[in-house]
Amino acid sequence: MAETQGSRPPAGTPPPQSPAYAQDLSRSLGLRENMFITLSAVTPASSVFIIMPSVISGLGGAAALAFALAAVAGMLMAFCYAELSSAFPITGGEYAFAARTLGRATGFALFALALLAGVLTVAVIALGTGDYLGVVWDSLGGKKTGLAVITVASLVSVLGIRTNAWVTGVFLAVELAAIAVLAWLGLVNVEQPISTLWTPHALGENGVLVGASAGLVSSFAAGALFAYNGYGTSVYYAEETRQVSSIGRIVMWSLGITVVAECLPLVAVLLGTPSTSALMAAPSPMNYFLLERGGDTVNTVVSLGIAIAIVNAVIAIMLQIGRLVYSSARDRAWPDMVGRPLAAVHPRLRTPVLATLLMGAAAIVVAWLVPLDKLILATGANLVLLYIFVAVAALYGRISGATAHATYRMPAWPWVPVAAIGVMAYVLYESIDADWRPAGIAVAMVAAGYLYYYAYLYPRREHRWTMPDPVRDTTE
């Protein structure tokens, strides 16, 4: 029988040999509903309108090259996620992979990193809401709108998982329609040469384009990776998904759909813009493009669609990080007075209400205090380091036999995880060369995770952070 949260066995009592989690969450999602939430967490429209503009402003047309490089890296990482997710279909996600392949200390360090990544991502995406709602109504612009979005999304995300799946599915259709409009406006108004897509530029004096280095493309690839991120989040809902053995397939399909949904409008905008220098110099490049090619009405309608997409993304990511914290509490990472309420599941909704609301409050504080440009940089470096850990877990999991039972097996092992590690290490190096501080924050979070593990969890390792077996899917 699994040890319940908060129980305290007598000193010296050995832990159970094969504990398993209880099925506290509601296993009510089909593969389609899981993909709705996963794609909403990736949020292609939010990436196109919030993350992509910073890459365009820094690289010009070569933003397409940065996104192409990130797509290759994303494919390598998706193979790693797919295999690990099918081996460990556990709500804890990345930390559950690492703890069972690389050791429990590394598992907690990765939990700390994933927690930071989740909170930063919510803050980054939510703060973009004002830019697009402000187009519809001036008073809705600004940071306060982003904070309100986080608040509303936190309340929605505590509802039943199936309700959230359909809410995010409807919103996802709206954001894909907005992306389609953007792509169409660019493809019917092509003015720039095709070479624009692989020629890096920076803005010089008086808005004149000057050449930029290939290394700059690599440094912006970290931001592009962030735009694709989220395809691996399907595992966070594995304990709520029927036919969970197909979780690896959801990961791969989610990445494929994301790459198409983001790269097509990017190429269309870069080739269809009236002026590359004006696009780069615009405070909001996508709004500039929409006004130039579609006019005020189209800009207003699409901007409203993007605002809906942002709300959708925040809901989906709140679902994820709420379950991340719930899982850590269920694994007895915290003192009982903290862990018990965080591991509680609402008896009717069957969702981790307190853990989700706590993460919403944390995201509000971060969004309020940290400027958006710093959040984007910090999130990119954090994500690259997270990916390195996942790739190492995928590599060592096969070597040690920890993932031998996986229902999905990546092709070309061990070259896929080795290549992923190499690519991510290079992107991290270029990011550090451009600005060491974001990577420093990520490394500090990992160090804090190790410190907490050895200071608190390791002395109590017989009964805390014991990593039980996944919940068995009885529908298969």
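Me: What makes Val365, Trp368 and Leu369 a nonpolar patch on the surface?
Reply: Together they have about 350 Å² of accessible area. Nonpolar side chains are joined within 5 Å, like charges within 9 Å. Areas come from the Shrake-Rupley method with a 1.4 Å probe. This is a predicted model: local features need pLDDT of at least 70, side-chain atom pairs pLDDT 80 or more, while totals for chains, interfaces and linings use all residues. Residues are numbered from 1 along each chain, and side-chain values use heavy atoms, without hydrogens and water.

Me: Why is Trp368 called exposed?
Reply: Its relative accessible area is 56%. Exposed means over 50%, buried under 20%, partly exposed in between. So Trp368 is exposed.

Me: Why is the pair of Tyr81 and Tyr231 called edge-to-face?
Reply: Rings of Phe, Tyr and Trp (its six-membered ring) pair if their centres lie within 6.5 Å; planes under 30 degrees apart are stacked, over 60 edge-to-face, the rest tilted. Here the centres are 5.9 Å apart and the planes at 85 degrees, so the pair is edge-to-face.

Me: How do you know whether Tyr81 is buried or exposed?
Reply: Its relative accessible area is 2%, so Tyr81 is buried. Tyr231, at 1%, also counts as buried.

Me: What kind of aromatic pair do Phe108 and Tyr452 form?
Reply: A stacked one: 4.9 Å centre to centre, 20 degrees between the planes. Phe108 is in helix α5 and Tyr452 in helix α18, so the pair ties together parts 344 residues apart in sequence.

Definitions and conventions. Patch = residues over 30% accessible without salt bridge, like charges linked within 9 Å, V, L, I, M, F, W, Y side chains within 5 Å. Salt bridge = Lys/Arg side-chain N within 4 Å of Asp/Glu carboxyl O. Buried < 20%, exposed > 50% of the residue type's maximum accessible area, 1.4 Å probe, protein only. Helix = DSSP H or I, 4+ residues; strand = E, 2+ residues; numbered from the N terminus.
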